[in-house]
Amino acid sequence: MRITLPLLSTAVGLGLSAAVLGTGPAAAPQPQAPVPAAHAGYEPSAGSGEDARANRAFFEAVVKSVAEKRAANPSSTAAVTVYYSARNAPSFRTQISRSAQIWNSSVTNVRLAESSSGADFAYYEGNDSRGSYASTDGHGNGYIFLDYTQNRQYDSTRVTAHETGHVLGLPDHYSGPCSELMSGGGPGPSCTNAYPNATERSRVNQLWAYGFAAALDKALEKSAAR
């Protein structure tokens, strides 16, 4: 069963995995989701330059969404927050919450928080032969799809934390060791590390200090021109 996701075409395979799922969703069957234009699974053989470009597009869409909200309230002094919705991935709610906690304790320039409305991206769950991945329509709308089978094979918290790393701007690096979160399925199913290493933490902080500032400047210019 796949979940219908509106207007999503550019796909990023962000694989990961794990296990606590024994049943499918309780919701009634849904129509199939559209096939992404680019996809990279959790397995090392799935990576490609096209997938890397799609990953950047997904990250940029999330940054744009966050920046436009901040531009609408430029006086805000709150930390940069990326809001997510886990409503459509109830089987993974624990893993999603845990991965958010992991990232929030690992980086300082951005934080993740759940929201019932106006989320910058969403999690979905279901069965898909392509595994877990992320997609974006290039207009600030994106989602992470978590595949049941893949999440039974690999550690589910690592899967979700890895996929969330794509939201924060990190690419896959399948050849890395287990200590590197974005190595995904490269180290094999025995790897359960769900924490980013020092290099990954530093890169996310850098992206959300400078990349977000640039996106915010553009959003403020756009807002002032209206």
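With a relative accessibility of 65%, Thr-108 counts as exposed, where exposed means over 50% relative accessible area, buried under 20% and partly exposed in between (1.4 Å probe, protein chains only). Thr-108 sits in the loop between H2 and strand S3 (111–114); helices (H or I, at least four residues) and strands (E, at least two) are DSSP runs, numbered from the N terminus. Although 97 residues separate Thr-108 from Asn-205 in sequence, the two are 6.5 Å apart in space, C-alpha to C-alpha.

The model is a predicted one, in which local features need pLDDT of at least 70 and side-chain atom pairs count only at pLDDT 80 or more, while totals for chains, interfaces and linings use all residues. Residues are numbered from 1 along each chain as its sequence is written, and side-chain values use heavy atoms, with hydrogens and water left out.

The chain holds 5 helices and 6 strands. Read from the N terminus, the order of these elements is β-α-β-α-β-β-β-β-α-α-α. Of its 226 residues, 50% count as buried.

Gln-95, Ile-96, Ser-99, Ala-100, Ile-102, Trp-103 and Ser-106 are the buried residues of H2. They lie on the same side of H2, because they cover an arc of only 160° around the axis, the arc being that of the directions from the helix axis to the C-beta atoms. Thr-94 and Ser-105, on the other side of H2, are exposed. An α-helix has 3.6 residues a turn, so residues three or four places apart point the same way.

Helix H4 presents another picture of burial. Its 12 residues reach 17 Å from the first C-alpha to the last, close to the 16 Å expected at 1.5 Å a residue. Because 11 of these 12 residues are buried, H4 is largely enclosed by the rest of the structure. Among the buried residues are Arg-158, His-162, Glu-163 and His-166, along with Val-159 and Val-167.

Met-182, found in the loop between H4 and H5, counts as buried at 2% relative accessibility. Its C-alpha atom is 9.5 Å from that of Ala-194, 12 residues away in sequence. In strand S5 (residues 133–136) lies Ala-134, which at 0% relative accessibility counts as buried. The C-alpha atoms of Ala-134 and Ile-144 are separated by 4.3 Å, with the two residues 10 apart along the chain. Asn-151, in helix H3 (residues 148–153), also counts as buried, at 0% relative accessibility. From Asn-151 to Gly-131, 20 residues apart along the chain, the C-alpha separation is 8.8 Å.

Finally, the second largest pocket has a volume of about 180 Å³. On a 1 Å grid over the protein atoms alone, a pocket is an open set of points where a 1.4 Å probe fits, with protein on both sides within 12 Å along at least five of seven lines, and lining residues have an atom within 4 Å of a point. Grid points are joined across faces, edges and corners, and a volume is the space filled by probe spheres set on the points. The lining consists of Ala-52, Asn-55, Arg-56, Phe-59, Glu-60, Gly-169, Pro-171, Arg-203 and Leu-207. Helices H1 (49–72) and H5 (198–225) each supply at least two of the lining residues, and H1 gives the most, with 5. By class, the lining divides into 4 nonpolar, 2 polar and 3 charged residues; Ala, Val, Leu, Ile, Met, Phe, Trp, Tyr, Cys and Pro count as nonpolar, Asp, Glu, Lys and Arg as charged, and the others, Gly among them, as polar.

Notes. The expected span of a helix is 1.5 Å times one less than its number of residues.
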